[in-house]
Amino acid sequence: MKNLAVAGTGYVGLVTGVCMAENGHNVTCVDIDEQKVITMREGTSPIYEAGLEELMRKNIEAGRLHFTIDYQTAYKEADAVFIGVGTPEKEDGSADLQYVETVAKQIAESVAKDCLVVIKSTVPIGTNDKIEELINDSLVNNVRVEVASNPEFLAQGSAVKDTLEAARIVIGTESEWAENLLTEIYTPFYLPIVSVNRRSAEMIKYASNDFLALKISYMNDIANLCELVGADIQDVAKGMSYDDRIGSKFLNAGIGYGGSCFPKDTSALEFLARQYGYDLRTMQATIKINSEQKLKLYEKAKKRLATFDGIKVAVLGLTFKPGTDDLREAPSLANVPLLLEQGADIYAYDPIGVDNFKQFYSEGSHGQGNITYVGSPEDALEGATACLIFTEWGEIKAVTPKQYKDLMQTPLVFDGRNIYDVQEMADSGVEYHSIGRPVSSI
Ligand code: UGA
């Protein structure tokens, strides 16, 4: 059992802290927001994540999981401090390291015994070296501090499972002491450990995320071509997936990737490459395809309807993917303003993303358009002229083709997630436009 501190209680920090406690370590999670800390002490998670609160409560009760704003006490006696604060994208596409640097300075002024600083946040290659220098330059006590890279591979919506049952733990260290300590911390997890140097570990994180983003953009690119040549992207993906070298995951064409990771990490690596005088063409293409793909649904609907003025539009799904209330880089946020600008009367449904969406678009009129939030897909569809699907929530997938036909004034559906079978929609009398597939003719 080790004494661990975790800086930051977002997706990465909080899940790391909880899962470390679950594996027997004594963990103190540090955040600057006092109100958030008070809530977390009661076992309430500030983020929506399946299974997280149960584990929080279990480990708080067991006395292994603590929350505080007092970073000095938390870092003072820690064997290791995990940094899981955000590294948002700056205007120019580079990663903003100010939060990581602030934590590094706080660690330097607090640690009173030898300590390993473990960076879980996604940071540009070379950052671990810089942070180690920064800490050692401002150390108050005469102790040994080293920095290790330990990138996180959890996905929102399955964060706890992804951490406890990770495919691999990547650790990037520059000394045997650091490698041994981090390996010891992860031993109770019983997971394969890939031990490399710090720069390789930092690159593994970007290369993994950016490869997945590339895979999605590739499928979206092929989907657009499928529409032109009369092929069906879902059949194409199915045929490809039997090849082990390609794999069956992340082959779903749609309206582009969103979230807090792929958009930021593709830009950051492309930016980093340019700093080194290298054109990372695969990422340039990935980013361009994705930004165009996000507007595909709006464009298809606009072409079909000519105008949205005064038209009742059902919007199903607002979050960037199911299982999260996160709206960062969500395709809905790119399309809704265009619909409102054109005077659409939107009825929007999302099982958990509405409160966050209201912070961008409150209920009521916005210029020419209007937005109303409803509690079920059926309420959104009632009397609508068109329906746009942005997220493949289970509640939305449960709507049957017949319901679109029965509930809508005109059964005209634009599906950005390819939820339905084209033929079934046609058989139910629904005009159905999806991505990379034929339009159902009725
Ligand atoms: C992603 C990675 O999957 C995680 O491994 C990684 O740790 C995480 O980023 C991170 O760096 O923190 P996440 O952003 O939570 O996780 O979500 P994903 O499930 O990967 O989905 C990302 C986006 O891609 C979503 O908008 C989703 O709709 C889209 N997507 C995914 C597709 O359009 N097609 C697919 O086949 C798969």
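Me: Which residues of helix H14 are buried?
Reply: This is a predicted model. In H14, residues 331-341, the buried ones are Pro331, Ser332, Asn335, Val336, Leu339 and Leu340.

Me: Where do they sit around the axis of H14?
Reply: On the same side of H14, because they cover an arc of only 140° around the axis.

Me: And what follows H14?
Reply: Gly343 does, and its phi is positive, near 90°.

Me: Switching to the ligand. How many residues surround the ligand?
Reply: The count is 19. Phe153, Leu154, Gln156, Lys205 and Asn209 are the closest.

Me: What does Leu154 put by the ligand, backbone or side chain?
Reply: Backbone. An N or O atom there lies 2.7 Å from a ligand oxygen atom.

Me: What about Lys205, backbone or side chain?
Reply: Side chain. One of its N or O atoms is 2.7 Å from an oxygen atom of the ligand.

Me: Which residue has a backbone atom 2.9 Å from a nitrogen atom of the ligand?
Reply: Asn252, through a backbone N or O atom.

Me: How much of the ligand does the protein bury?
Reply: The protein buries 89% of the 710 Å² that the ligand exposes when taken alone.

Me: Which elements give two or more residues to the shell?
Reply: Helix H9 (198-229) and helix H11 (262-275). H9 gives the largest share, three residues.

Me: What's the shell like by class?
Reply: The shell around the ligand has 10 nonpolar, four polar and five charged residues.

Notes: Residues numbered from 1 in each chain as written. Predicted model: local features only at pLDDT ≥ 70, side-chain atom pairs only at ≥ 80, totals over all residues. Heavy atoms only, no water. Buried < 20%, exposed > 50% of the residue type's maximum accessible area, 1.4 Å probe, protein only. Helix = DSSP H or I, 4+ residues; strand = E, 2+ residues; numbered from the N terminus. Arc of directions from axis to C-beta. Near = heavy atom within 4 Å. Polar contact = N/O pair within 3.5 Å; in protein donor to acceptor, adjacent residues only side chain to side chain. Areas by Shrake-Rupley, 256 points an atom, 1.4 Å probe, with all protein chains shown as cover. Nonpolar A, V, L, I, M, F, W, Y, C, P; charged D, E, K, R; others polar.
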